[in-house]
Each structure stands twice: as C-alpha cells, then as structure tokens.
Amino acid sequence: MGKVAINIATGSLLQEETIVGIDLGTTNSLIAIVKTDTRQPLALRDIDGLALVPSIVHFDQNGNTTVGNPAKELLVAEPERTIYSVKRLMGKSYKDVSKDAGFFAYNIIDDDTDALVKIQVGQKFYSPIELSSYILKELKHRAEHILKTSVTKAVITVPAYFNDAQRQATRDAGRLAGLDVLRIINEPTAASLAYGLGAKQGTESTIAVYDLGGGTFDISILTISNGIFEVLSTNGDTYLGGDDMDRVLAQHWNKELGMPDSDKSAMQQLRITAEEAKKHLSGNDNFSGTINGKQVSITRQQFNELIQPLVDRTITACGNALRDAGLKKEQIDAVVMVGGSTRVPLVKNSVRDFFGREVHDELNPDEVVALGAAVQADILAGNNTEMLLLDVTPLSLGIETMGGLMDVLIPRNSKIPMKAGRQYTTQKDGQGGMRISVFQGERDLVQDNRKLAEFNLTGIPGMPAGMAKVEVSFLIDADGILKVSATELRSGVAQSIDVKPQYGLTDEEVEKMLLDSLTHAKDDIKTRALVEATTEAQQMLDVTEKFLTKHRAVLTDEEIELTNQRIQILQQAISDKDKDRIQQELEILNDISRPYAERVMDAALKDAMKGKKVI
Ligand code: AMP
C-alpha cells in the first residue's frame, strides 16, 4: 500500500493498490485499511460516521438487493425476504444446520440433506456464499467510494474454529464479490495483531481473546512465537451474545407491561428499547424510557443481576478453554476484548477478575478484528517488515512409498508457504505409470493416516526398474493449499494436482491424529523396519530371479541350486514377517550372487573388447 511504481515503458506512475482487511461478521461486517501517512489501521465509515454494516441482505420482488442498515429496517416487515446471520450457514449442509433451523425466519431448503444449504427467497435460491458476497460487495463499494480507487485485494477473517469447507466458502464469497482474497485469517489472531501483540521477532506470548458479539461468544487461547500464531484451544457458544441480554431485559419489563407476544410491533419496540437501555447502562447507572407510551426504567445493578447467568456461562467457557489448552490463568500474558457486548461493565469486570489481569480494551471492540485484518493486509503488501506473520502446517504431508509406508515431504509445524521435493524411481522393468498417493498424518503406515489425493503419472517411457527418475514436489501456498506435482525427469512427462490439506478436519481430529502418532510410535517404528526390510528383500529377489533366467550360461548347476535354496529361505523369512532373519538372509543371498554379477560384467567387457585395439 502506498508504494509508487513507475511503468518503464510509458513513464507513468502506477499507484499500488490498497489491500483491505474485512471482518465478515455474523451480525455486523466492516472494512479497514492501514493509512499510508499515519501507518495506523483505520475502519472505513459512511457519511454518518458508521463503520458497521449489518450483515443483512434484503431482496425486493424483482430480486434487487439492499445490504446493511436499510435491509435491517425490513427485518420485521419482510422476514422471508430479509436474510441475516448467513455466516452461520457458510460451508454447511442442511443436516449440519437442521437443529438450528428454528433460529432462521427465512426459508432454508432441505431437499438434499447432504448438499450445501440453499436459501429460498421468492422463486429464487441462493447459497450462503452468494449471500455473503452481497455483503462483501457492499463493503468493497464503500471502500472504493472513500478511497477513490478500485479495491480488488482483501484479507478476510473467520472464526478460529471454522473448518476448511467454511474457509473455502468465505474465500469463494470474496471471489464472487470481485475480491482476490489474499489470506483468510483467524479472528482472534487478527484481534491480537491489531494490538501488535507478539508479532515482533523474538517474542513469545500466550493470549486469550474473549469475543462476545450480538449473537455469538468465542474464547480462543493463542500462542505467538516468532510471528507464528497457533490456536491452542477454542470454546464458546454459538447462540450467546448481546441479543440475549436484550431479551432478558425485554422479558423483565414485559412482566410489568404484560403486552402479548403476538403484538409484533410492541415486541419490536420492547426489544429496541432494551438494547438502547443496555448500551446506555454501559456508561450510566440508570435508564428510563417509554414503550408504547408506558414508562420503563432499570438501574445498572438490576441489569447486572438479570444478565449474570449469561456472563457466568462465558466465564465457564473461559475455564474450559484454558483446561483444553493445558494452561493456568497465570500463564496468560494478555487478554484481548472483542465484540460490542464487551462494553458491558459487568462483562469487562468479570473477565478481568477471572484472568486476574487488566484486559486490552483500548481499541473499539467492534472494529478490532477488521483493524487486525488491515494490519495483516499491510504486512502482505510488504509495507510492514517489522511484523512477521506465518502459519504452520498442523500435520505432516507425504506420499505412499513401497510397502504402504508414509514418506514425509513436509513435516508438521513447517512454516508456510513451503516447498519440498524428492526423487523416486520405478519398481518394475518397463513400468509406464506411477501412482502418487498423498497423505496427511504422523503415522509410519499410510493406512493409519488420512488420504488427501491420488493421481497417476502416466506415459513414463519403458526403461529398466530403477532407471526412471520421478521428482515429486509439494508446494503449500500461504493459504495452506497444497499443490503436488510429479515429473519423470528423463522424459519430462509431468502431472500435477491441487489438494486442500485440511479439508473437513476439525481441530479435534488433528489433535487425535497427533495423539495417535504418539501412542503408536513404538509399533510404528517396528512396522516400518519390517516393511523396509521386506521391500528391500523383494527387490533383491526380483533382481536375482531375473539374473538366473538371463545369465544361466555363466553359472554352474550347483551355483543355481544354491541360489534357489537361499531364495526359498528368504521368501520364508518374508512370509514369517521376521525382520532380523529377512535382513540376515538378504545379506547371504547378496554375498552369493555378487560374484556372479561380476562374472557377467567381465564377460561383457571381454565381448566388447574383442577385435579392438587398446590405445
Ligand atoms: P458485534 O456482533 O460485535 O457487532 O456486537 C454487537 C453487540 O454489541 C450487540 O448486541 C450490541 O447491542 C452490543 N453493543 C454495542 N454497543 C454496546 C454498548 N455500548 N454497551 C453494550 N452493548 C453494546
């Protein structure tokens, strides 16, 4: 950002494009940049000074859309045409969301339970990706209007617990909105970045990010070491937030007012006034107002009593997150507050008391995630070389080699982007193809790991076993997308495939795979040794048998018999799965056959020299 380049051909100045940071939220979304002159992140605001765009899309009869506050105003009047909380549906099938279906006032289609959900508005069907893209388009327009330049590159944040399908859906929504999504980053990571926590070289810290929004609560424990963020644990409640505070207060008042639930307009009034009161009480001790001409009031003390059970639930979740991360409260170096509901004094105080330290609340809690995304964008643009942000691969990546062994090309915890390669060869004479099976996991045998992809390298020209040189290379880009390619170097035959390494793996599954590898480490080493010995022995048997048929002439009958005997003994050792005996017999067979091979070489040499003069 802010860099000026010169087009050498025309001599004109090229203003390098701003990369924006976007917080695509469940309730509200917003867009931020790092300002060129001040180097500070800044949320972009409309003419009324508002940064938050409600994540709500309204469709009129003709399918035209409005996004944000104008759409929010139509929530009550046109519930079937006004789509909110679409983030809850991202990357999900109907089966995934069916238990929450009651939460949505619009129509979620359930004709094919395993397919990704669709939302019906009028006669049309929309995917959550399309719906999110309308919100992103609105943000993009806002930025273009303010910055007076086109905006095509973005960093978008997602919750730490989002799986690969949800991340991919977010990326697709960006693409649909005309944005090149350079990076998807975790919301708690972004919030920590906004505070500049731990991203400097040589520092290490453990951070708790407490995020209480309108409808969701997340607590994440992260470590940052030398610019590498790692999420240790996440916990929370996808249906707990400021809206619940509004509801308990509305219910409290309605006990006095006695308005019927069926009076939609009165209920709406009640809810709006409750939210107003809640916000007022964040800075004042009393609130009084009117609902449908009737006087209502509440003190902060009373409000605190009403919301105490809600706040307690978040504190319990904090304890669980710490336990899952294997940490004590004292080991947390910083606590970061995110989300509008952290403005509630009882929330702030309870979190401070629980962790026993002051919390970071200096930045606007509604904006802090977008600000962090802008900081990340600035790093990607190459403007901020002081901060370094890297991701790591959660599990090792490799391919299957002979005997079903896992050959790791990129070990777990490698920094990404990352490239690795290794050469392999053919097992059989004239082998025209090679199957490349890509696996993820820590176990020695691929059958215990997770298969990610498989492809065939075909068209290898006929050559003896061991002659082909197949270079397999792995490239993981900055988003964790793995590209695997295989090239036979002698002929140039090549093949490649893109793999998403974490597709569908939850954090728990990753953890389980790591744990399994530890529990089975001893067995794995034994199995690997046996498989390796067997593979080597089988190759030796192949070569020897081939030799026997081809070069019978140079061997005596006794030699042939002796060799056949040893072959049988070795085969027996293989079927007995006795690693030590296999190795022993392999040695013996090798010792016997080596002189034969030398004899053949000598004969060939003599043949070649026949009738030739040596200079
Ligand atoms: P978010 O999803 O992060 O945008 O959070 C929005 C939630 O924060 C809503 O429930 C708002 O009512 C709540 N909120 C916003 N401002 C305040 C405030 N001053 N005091 C208490 N809650 C607030």
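A residue counts as buried here when its relative accessible area is under 20%. By that cut-off, buried residues make up 46% of the 615 residues in the protein chain of this predicted model.

**Whole chain**

Among the contacts with a separation of 6 or more, 62% join residues 24 or more positions apart.

**Stop 1: Leu30**

Select Leu30, which is found in strand 4 (residues 28-34). Leu30 has a relative accessible area of 1% and is therefore buried. Show its surroundings next. Leaving aside neighbours within four places in sequence, Leu30 is in contact with Gly21, Ile22, Asp23, Ala43, Ala51, Leu52, Leu139, Asp366, Glu367 and Ala370. To check a distance in the viewer, pick the C-alpha atoms of Leu30 and Ser55: these two residues are 25 residues apart along the chain, and the atoms are separated by 9.2 Å.

**Stop 2**

Move to Ser85, in the loop between strand 9 (82-83) and helix 2 (94-97). Most residues other than glycine have a negative phi. Ser85 is not a glycine, yet its phi is positive, at about 55°. With a relative accessible area of 8%, Ser85 is buried.

Then select Leu24, Gly25, Val86, Lys87, Met90, Ser132, Ile135, Val158, Phe162 and Thr170, the residues that line the second largest cavity. The volume of this cavity is about 50 Å³. Sorted by class, its lining has six nonpolar, three polar and one charged residues.

**Stop 3: the largest cavity**

The count of cavities of 30 Å³ or more comes to three. The largest cavity has a volume of about 80 Å³. Of the 13 residues that line it, select Glu187, Pro188, Asp211, Asp218 and Ser220, the closest to its centre.

At least two lining residues come from each of helix 5 (187-194), strand 15 and strand 16. Helix 5 gives the most, with three residues. The lining of the largest cavity has eight nonpolar, two polar and three charged residues.

Why does the largest cavity lie between domain 1 (20-195 + 364-380) and domain 2 (204-362)? Both domains give residues to its lining, so the cavity lies between them.

**Stop 4: Thr223**

Stay with strand 16 and select Thr223, which is placed in that strand. Its relative accessible area is 18%, so Thr223 is buried. Leaving out residues up to four places away in sequence, Thr223 touches Ser205, Thr206, Ile228, Phe229, Glu230 and Leu232.

**Stop 5: Asn292**

Go on to Asn292, in the loop between strand 18 (286-291) and strand 19 (294-299). Asn292 has a positive phi of about 50° although it is not a glycine. Is Asn292 buried or partly exposed? Its relative accessible area of 43% makes Asn292 partly exposed.

**Stop 6: helix 9**

Select residues 345-355, which form helix 9, and show side chains for Pro345, Leu346, Val347, Ser350, Val351, Phe354 and Phe355, which are buried. What do these buried residues pack against? Their partners include three helices to display: helix 6 (242-257), helix 7 (264-281) and helix 8 (300-325). The strands that they pack against are strand 15 (204-212), strand 16 (217-225) and strand 20 (334-338). Step just past the end of helix 9 to Gly356, where phi is positive, at about 65°.

**Stop 7: the second largest pocket**

Finish at the second largest pocket, which has a volume of about 550 Å³. Which residues lie nearest its centre? Select Thr401, Met402, Tyr424, Thr425 and Gln427, which hold that place among the 23 lining residues. The elements that give two or more residues to this lining are strand 22 (397-401), strand 23 (405-410), strand 26 (433-440) and helix 12 (521-550).

Then colour by domain. Domain 3 (397-519) and domain 4 (522-609) each supply at least three residues to the lining of the second largest pocket.

How values were computed:
Residues numbered from 1 in each chain as written. Predicted model: local features only at pLDDT ≥ 70, side-chain atom pairs only at ≥ 80, totals over all residues. Heavy atoms only, no water. 1 Å grid on protein atoms, 1.4 Å probe; cavity = no way out; pocket = protein on both sides within 12 Å on 5 of 7 lines; lining within 4 Å. Points joined across faces, edges and corners; volume = space filled by probe spheres on them. Helix = DSSP H or I, 4+ residues; strand = E, 2+ residues; numbered from the N terminus. Domains from an automatic or database assignment. Buried < 20%, exposed > 50% of the residue type's maximum accessible area, 1.4 Å probe, protein only. Contact = heavy atoms within 4.5 Å. Nonpolar A, V, L, I, M, F, W, Y, C, P; charged D, E, K, R; others polar.
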